There are 2 protein chains.
Amino acid sequence: MQFGRHISGQFNVELEAIRTHVLTMGGLVEQQLSFAMQALHKDDADLANKVIRDDHKVNAMEVSIDEACTRIIAKRQPTAKDLRLIMAIIKTITDLERIGDVASKIAQGAIEIPSTKEQKFHVSLEPLCRQAITMLHQVLDAFARMDVDAAAEVHKLDDKLDAEYEAVIRQLMTYMMEDPKNIPNILQVMWSARAIERVGDRCQNICEYIIYFVKGKDVRHLGDQSLDDALK
Amino acid sequence: MQFGRHISGQFNVELEAIRTHVLTMGGLVEQQLSFAMQALHKDDADLANKVIRDDHKVNAMEVSIDEACTRIIAKRQPTAKDLRLIMAIIKTITDLERIGDVASKIAQGAIEIPSTKEQKFHVSLEPLCRQAITMLHQVLDAFARMDVDAAAEVHKLDDKLDAEYEAVIRQLMTYMMEDPKNIPNILQVMWSARAIERVGDRCQNICEYIIYFVKGKDVRHLGDQSLDDALK
């Protein structure tokens, strides 16, 4: 994928390298989230610890991509679409890093909550987590192809995630009322649910950066309808 | 405050204008947070609605500062410290916007939770909220003066906020166990507490951007000790 024809072929190579780096980071974050979910459901403390240990890799990638972006701005003085790409990347990696933090948080929850009897609380997170991972996977796919329509589709998936989140919270609230001594444990699971729900918001942010890059329009803080209008 | 001597005096004027704009945005966010807290404690639905209504002003400022930053990069091709300032601003406004969202969320909570009998739940948020506002105020002050030492001091305040947050959650958990039928309302207050606790994390982020601008060192993802070392 070419981001315009530059006098310097080297510039293209550099832009492409950063883009690849972002996708690698995205892949790692997706894997972290997926491992965290597995750790939660299989009560696998080793896997949970691995997720927590590996979070620094995500952080390091954020810092290194950020540096690469600043370097390319200083050196190549990009304008127009090239500059928008770099801006979109700078913002995307912030959201990816925070999704990485969510994975760590879920892994932490997997370790802290004894699952033998609380398994049903964990289980209730499964569909939510699966939806969040799907959303992340699809937004990374849209990013790889810089596909505005795909980005707009992913953007809409957040409503489904929110609805699932509300259902999970209601269910957990019932468990709390049934057996108040379980409140601290269930609260832990609720924090995890909340964190997963936020993954959807972060994926929406990335969708908006893709649209900003391709269309040159800042569609943040608009509803789905205005977003559709902006893409017409 | 001069950010270096530019051949173009106009460049200085533009940089200064963006910086002023960030401080105005910060002031508005601080006011939103403060109004949200008042609305919560005085059970003032009108004020809460005003906070929710005014959130779009914060959002609009984020978009407009972002545009100004992109424009200045394309037009002035800044390097070194000027570029770091712009990068720091781009990241700072993202965090400010999210703090604005927290204010809205607290205001929403103030409307949704009938306070007549639940007043004690709300009251428990007061010290937490006051601390968060202080932290935001101080980080904006550090930003205005680009004062690294002040930024490092604010960074450390987050531990206090976290401790206060833990205390609030423990207290609210006790209320839940005492009277399980109050669980839904108390949960709402807990979400607000959680959101306020996150304000501290966002203020820490801004501290890190200030240090990045002044020192040219990326101190994200380091502990307080490494942060102190980086400032030596």
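This is a predicted model: local features need pLDDT of at least 70, side-chain atom pairs count only at pLDDT 80 or more; totals for chains, interfaces and linings use all residues.

**Entry 1: a salt bridge**

I started with side chains and found that A:D228 and A:K156 meet in a salt bridge, 3.2 Å from N to O. (A salt bridge is a side-chain nitrogen of Lys or Arg within 4 Å of a carboxyl oxygen of Asp or Glu.) The pair links distant parts of the chain: A:D228 sits in helix α8 (residues 224–231) of chain A and A:K156 in helix α6 (residues 148–178) of chain A, 72 residues apart. Helices here are DSSP runs of H or I with at least four residues, numbered from the N terminus. I then searched the whole structure and got 34 salt bridges over all chains.

Residues are numbered from 1 along each chain as its sequence is written, chains are lettered from A and ligands numbered from 1 in the order in which they are written, and side-chain values use heavy atoms, with hydrogens and water left out.

**Entry 2**

Two packed helices are described by the angle between their axes and the distance between the axes. Axes are lines fitted to C-alpha atoms, for helices over the stretch in contact, and angles run from 0 to 180 degrees between N-to-C directions.

I looked at helix α3 (residues 80–112) of chain A against helix α5 (residues 126–145) of chain A: the angle is about 160° and the axes are 13 Å apart. In the contact (heavy atoms within 4.5 Å), A:I89, A:T92, A:L96, A:I99 and A:I106 of α3(A) meet A:C129, A:L136, A:L140 and A:F143 of α5(A). I sorted these residues into eight nonpolar, one polar and no charged. Ala, Val, Leu, Ile, Met, Phe, Trp, Tyr, Cys and Pro count as nonpolar, Asp, Glu, Lys and Arg as charged, and the others, Gly among them, as polar.

Next I checked α3(A) with helix α7 (residues 183–215) of chain A, and their axes come within 9 Å and cross at roughly 170°. So α3(A) and α7(A) are roughly antiparallel to each other too. By class, this contact has 16 nonpolar, four polar and nine charged residues.

**Entry 3: over to chain B**

Helix α5 (residues 126–145) of chain B packs on helix α7 (residues 183–215) of chain B at about 15°, axes 9 Å apart. That makes α5(B) roughly parallel to α7(B). The contact includes B:L128 and B:F143 of α5(B) and B:G200 and B:I210 of α7(B). I noted 15 nonpolar, two polar and no charged residues there.

Methods: Helices (H or I, at least four residues) and strands (E, at least two) are DSSP runs, numbered from the N terminus. Angles under 35 degrees count as roughly parallel, over 145 as roughly antiparallel, 65 to 115 as roughly perpendicular and the rest as oblique.
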